[in-house]
Amino acid sequence: MANSLTTQRLVALFCCGWVLLNFPLLGLWDVDTTVLGVPLFPAALMALWALLILAVAWLMERHTPEVKDD
């Protein structure tokens with residue numbers, strides 16, 4: 001049961017990542033602004049990518065209690 005829930009969450013996270021890194025939403029970051037000397041578009045792209053990696057790592061490393069069958 002827990003494995004199925006983890007799989008569903010991973011699929012949902014994949015879909016969220018796909019939407020976030022696709023054109024319409026990614027185009028919002030394409031402006032002439034810099035963040036610490038780095039243009040906003042690559043900075044936002046790397047930040048979103050890092051957040052997705054952190055979310056996957058958190059999801060895979062969290063411990064779920066085992067369900068005992070009686």
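Is Leu 28 buried or exposed? In this predicted model, Leu 28 is exposed, with a relative accessible area of 61%. The views below start from this residue.

**View 1. Leu 28 lies in a loop between a helix and a strand.** The loop that holds Leu 28 runs between α2 (23-26) and β1 (34-35). Leu 28 counts as exposed because its relative accessible area, 61%, is over the 50% cut-off. Leu 28 is also one of the residues of a nonpolar surface patch.

**View 2. Nonpolar side chains form a patch on the surface.** The patch is made of Val 19, Leu 20, Leu 21, Leu 25, Leu 28, Trp 29, Met 46, Trp 49 and Ile 53. Together these residues have about 840 Å² of accessible area. At least two residues of the patch come from each of α1 (2-20) and α3 (40-61). With three residues, α3 gives the most to the patch.

View 3. The buried residues of α3 are Leu 40, Ala 44, Leu 48, Leu 52 and Leu 59. Exposed residues Leu 54 and Glu 61 are carried on the face of α3 turned away from the buried side.

**View 4. Leu 48 is a buried residue of α3.** Leu 48 has a relative accessibility of 14% and therefore counts as buried, the cut-off being under 20%. The C-alpha atom of Leu 48 is separated by 7.7 Å from that of Leu 20. Along the chain, Leu 48 and Leu 20 are 28 residues apart. Leu 20 belongs to the nonpolar surface patch, whereas Leu 48 is buried.

View 5. A disulfide is a covalent bond between the sulfur atoms of two cysteines. The cysteine sulfur closest to that of Cys 15 is in Cys 16, at 7.1 Å, which is too far for a bond. The cut-off for the pair is 2.5 Å, and the count of disulfides comes to zero. Cys 15 counts as partly exposed, at 39% relative accessibility. Cys 16 also counts as partly exposed, at 45%.

Methods. Residues are numbered from 1 along each chain as its sequence is written. This is a predicted model: local features need pLDDT of at least 70, side-chain atom pairs count only at pLDDT 80 or more; totals for chains, interfaces and linings use all residues. Side-chain values use heavy atoms; hydrogens and water are left out. Patches are made of residues with over 30% relative accessible area and no salt bridge: like charges are joined within 9 Å, nonpolar side chains (Val, Leu, Ile, Met, Phe, Trp, Tyr) within 5 Å. Accessible areas come from the Shrake-Rupley method with a 1.4 Å probe; for residues, only the protein chains shown count as cover. A salt bridge is a side-chain nitrogen of Lys or Arg within 4 Å of a carboxyl oxygen of Asp or Glu. Helices (H or I, at least four residues) and strands (E, at least two) are DSSP runs, numbered from the N terminus. Buried means under 20% relative accessible area, exposed over 50%, partly exposed in between (1.4 Å probe, protein chains only).
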